[in-house]
Structures are given as structure tokens and as C-alpha cells.
Amino acid sequence: MTNAARSERGLAPLHWDDSLAQAAHAHAAFILQNSQLSHQYSGEADLPSRAGAAGAHFQTVAENIAQGSSASSIQKEWMNSPPHRANILDANLNAVGFGVVQHGDTLYAVADFARIVPGLSDGQVEAAIAKLLAARGMQTGVSSSDVRKICEMDHGSAGETKPGFVMRWQTTDLSRLPPGLEERLQTKTYHSAVVGACSGANGGSGFTTYSVAVLLY
């Protein structure tokens, strides 16, 4: 029903995410225990922490909650509520997980929505950025501990590397390079590059970013 509502408005469907469903089901159980609707109960972690603990990696996360006699009545309630409707029809979201528990004739339902970001290793991040650089005619070298250390630094260099230019940034999108780096590449001053990735500013909450450094020579 959620994807049907999105399709009617020309929006891409949400894909099912097991981690979000796990977090949603756990919160639905909390709703049943407390017999009242809330997005967070005493002693319970907040939504990003719950989704992150369940294994989700995301750029943004949102939640709908409701109780009703059937799935269709709950969906109707959400679509008639502006904030819940906004989550269902948010074009920036790409995943959802539902959790439903039943008590008597009442269903307690939770929908956890997110823009999911792949959980990638530093090596996978480096490979993705190196591919973009190669497509722009740059020779790409193998990363090293010095380059990854530079990624962790706010400024300057490390080891014996003497790059002509260093760009550091954080991103959730590995399909494009930052404008500042693109401008440097367009000068044709540099011919080779080395990429280093390091742990993003995730804070263990599930919010996922990739930290990257590119050294141009």
C-alpha cells in the first residue's frame, strides 16, 4: 500500500530492509507494553540508535506509528496525517521496514523509513573514488597507512608523501567528486592520485558517512 501510494505520485518504490524491520518490530513491542503511542519510551534508545543497533546504515531515518483494526485502516490513518503522509511520500527515502504486533483485535504498527547507505569498508570506498578519478584520466596509486592517516587529519600531510594538493571531505554519495576537486582536475596540472578512506563521522548511531582524502601529484 505504501509503494502503491508512492507509485501514484511518480515516486520510486521503497525496498524492504530487514534491519529497519527489526527495529520497527522491537518498538511495536514497546508500544504494546506501554499501551500508548510514543516514538520513544523511558529507558528506550532514540530512533537513530535503535535502527543503527539493528544494523542499518543510513543518511536519514524517520518513523510512523499507529494502532488500528487492520493494515488498511492504519495506512488510511497515516495518509490522512500530514507528518505520517510526508514520510510515506518522501522522495529522499529509499527503504522501509514494518513491525506489527497484535493484542486482541488491535494491531500496533511501526514503519521505520530511511535513506539507506551501504556499509562499505575503507578499501571499497577507496576503490569507488579511484574509479571516478581514473575516468577523468588520472593514474591512481595504491593507498597506504600514511594516506589513511592524512584522511584522519584536519590539515597537512603525513610520512614522506609530498602531494601537490590534498582534498578531504565527508559524503554519503560515492558517485561523484566534490566540486573543489573537480576544479583542480580540470586544470590538467596533476597526473596521478592516491585515495585514502577512514572511519566516517558515524558515532555508532547508524548515521553513515564516508571520510575520504585524495592526494594529487
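When I call a residue buried in what follows, I mean that it has under 20% relative accessible area, computed with a 1.4 Å probe on protein chains only. Please keep in mind as well that this is a predicted model.

The structure holds one disulfide, formed by Cys151 and Cys198, whose sulfur atoms are placed 2.1 Å apart. The two partners come from distant parts of the chain, with Cys151 sitting in helix 7, residues 145-152, and Cys198 in strand 7, 47 residues apart. Both Cys151 and Cys198 are buried. As for the geometry, the torsion about the S-S bond of Cys151 and Cys198 is about -70 degrees, and the disulfide is therefore left-handed.

In soluble globular proteins, nonpolar side chains tend to be buried together. In this model the largest nonpolar core has 22 residues, and those with the most contacts inside it are Ile129, Leu133, Leu181, Val214 and Leu216. At least two residues of this core are supplied by each of helix 6 (122-135), strand 6 (165-171), helix 8 (179-186), strand 7 (192-198) and strand 8 (210-216). Which of these elements gives the most to the core? That is helix 6, with five residues.

Four strands form an open sheet with mixed pairing, in the order 1-3-4-2. Strand 1 (15-16) and strand 2 (58-68) are at the edges, where each has a single partner strand, so one side of each is left without a neighbour in the sheet. The pairing of strand 2 with strand 4, residues 106-116, is antiparallel and runs over 10 bridges, and Ala66 stands opposite Ala109 in strand 4.

Helix 2, residues 18-34, lies across strand 1, strand 2, strand 3 (95-103) and strand 4, and it runs at about 30 degrees to strand 3. Helix 4, residues 71-79, lies across strand 2, strand 3 and strand 4, running at about 120 degrees to strand 2.

Methods. Residues are numbered from 1 along each chain as its sequence is written. This is a predicted model: local features need pLDDT of at least 70, side-chain atom pairs count only at pLDDT 80 or more; totals for chains, interfaces and linings use all residues. Side-chain values use heavy atoms; hydrogens and water are left out. A nonpolar core is a set of buried Ala, Val, Leu, Ile, Met, Phe, Trp, Tyr and Cys residues joined through side-chain atoms within 4.5 Å. Buried means under 20% relative accessible area, exposed over 50%, partly exposed in between (1.4 Å probe, protein chains only). Two strands pair if DSSP finds at least two bridges between them. Contact means heavy atoms within 4.5 Å. Axes are lines fitted to C-alpha atoms, for helices over the stretch in contact, and angles run from 0 to 180 degrees between N-to-C directions. A disulfide is a pair of cysteine sulfur atoms within 2.5 Å.
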